[in-house]
Amino acid sequence: MSIPDLFRCPISLDLFTDPVTLSTGQTYDRPGIEKWLAGGNLTCPVTMQKLHDTSLVPNHTLKHLIDQWLLTGCDLNPHPKPSKPIDSFELSALKQSFQSPDATVTAKLETLRKIRVLSVESDIPCLIHSGFFRLLLETLFQAPWHGNAELMELALECILNLSPSIHVDSLNMLKKESYLASLVLLLEQGSTKIKTSLCYLLEDIATSLATCELCLVLGQTQRVLQALIALLHDKTDAGASEAALRAISSICSLEANRGNAIKEGAVDGLIMYLLNSTQRNVSQALATLELLLGLETGRKALSRNSEAVGLLVKMVFRVSSVQEGSEQAIGSLMILCSESRQMRVEAINSGVLTQLLLLLQSQSSPKAKDKARAFLKLLRVMWNEDQRWL
């Protein structure tokens, strides 16, 4: 299956794993552009424009398109078609048909298919201003257990096509108890496609200032966290676990949510995700784990996982890799080893010294090498202190 040109990083020419956009408007895979910038290059690799701002903005839309393409196994057209004008009478008729109390499930499905086509080929703002975005949300979260799985999947697909990140404030309806209960049921009992799509919505909620309070509500909702962590453990569907990782990482970006995430098993869930060698967002998983280790409960949870330290040591340096996640792996190990002699012994026995020395001799980024040197210094100081007490 050929990769559409739109989905290839201009630097590596490989499929994007974490697309980010520079101030020039060009999108690159995060590992590739970070390595380019870390090498002292202050220009855009494609346009060669001088960069006055080197910040990297996640391209959630492109990431979603890639994930959908990987899930379906079908080529997506990398060249967007020009928007087609929508007839207002057609929109009114579609809305009336969908809202009609006499409409059958079959009729609603047919209407949703038409909306899906319009959401891809036509003027999206027109659809949103006509109230379709909120209508679809209400359809999705009103007693979904009485609904039809295909209808729910189609409604979610249309919602995502209508760019919820731009109109994400409409999702504040989920603060209403009945809608939140519906979300929980869909996350627990919905099809894999429904669960995956909901993860994208949760990511949008957690990354928008307009829904910050809702993100706090989700982070305090035990069953939401449990459902997401269960998806992290799922080895049968890579797309679902990737989407769950993005949702959990975004929710944990709020410090107030981290304690609850740890309590519900996020540390073990992230370790399980990383143990699955097919996963792509290694750096994001390690960065989230490092955040959780900032809390004592997170460190205790990791110390109880017999595979955690050995896994982190392996992540410090990996052959035939762009060293994605090395900095985060070292950061997590430094947190653990600075507090626990047992963790230091376990890390050394797992070969961390060799891993750090290999990294220092590799083509890794200057930041990763600086962290490796700092960690070696820490281990040496701690070793001397340990010997003093023996």
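Analyst: Let's take helix H17, residues 308–316: 7 of its 9 residues are buried, so the helix is largely enclosed by the rest of the structure. Buried means under 20% relative accessible area, using a 1.4 Å probe and protein chains only; helices are DSSP runs of H or I, at least four residues, numbered from the N terminus. Keep in mind that this is a predicted model, where local features need pLDDT of at least 70, side-chain atom pairs count only at 80 or more, and totals for chains, interfaces and linings use all residues. Numbering starts from 1 along each chain as its sequence is written, and side-chain values use heavy atoms, without hydrogens or water.

Which residues of H17 are buried? They're Ala-308, Val-309, Leu-311, Leu-312, Val-313, Met-315 and Val-316. What do they pack against, counting heavy atoms within 4.5 Å as contact? The partners are H14 (266–275), H15, H16 (296–303), H18, H19 (341–349) and H20 (352–360).

Two of those partners, H15 (282–292) and H18 (326–339), lead us elsewhere: each supplies at least two residues of the lining of the second largest pocket. A pocket here is an open set of points on a 1 Å grid over the protein atoms alone, where a 1.4 Å probe fits, with protein on both sides within 12 Å along at least five of seven lines; lining residues have an atom within 4 Å of a point. Of the 42 lining residues, those closest to the pocket's centre are Asp-18, Arg-30, Glu-34, Ser-283 and Gln-328. The largest share of the lining, 6 residues, comes from H1.

How values were computed
Buried < 20%, exposed > 50% of the residue type's maximum accessible area, 1.4 Å probe, protein only. Contact = heavy atoms within 4.5 Å.
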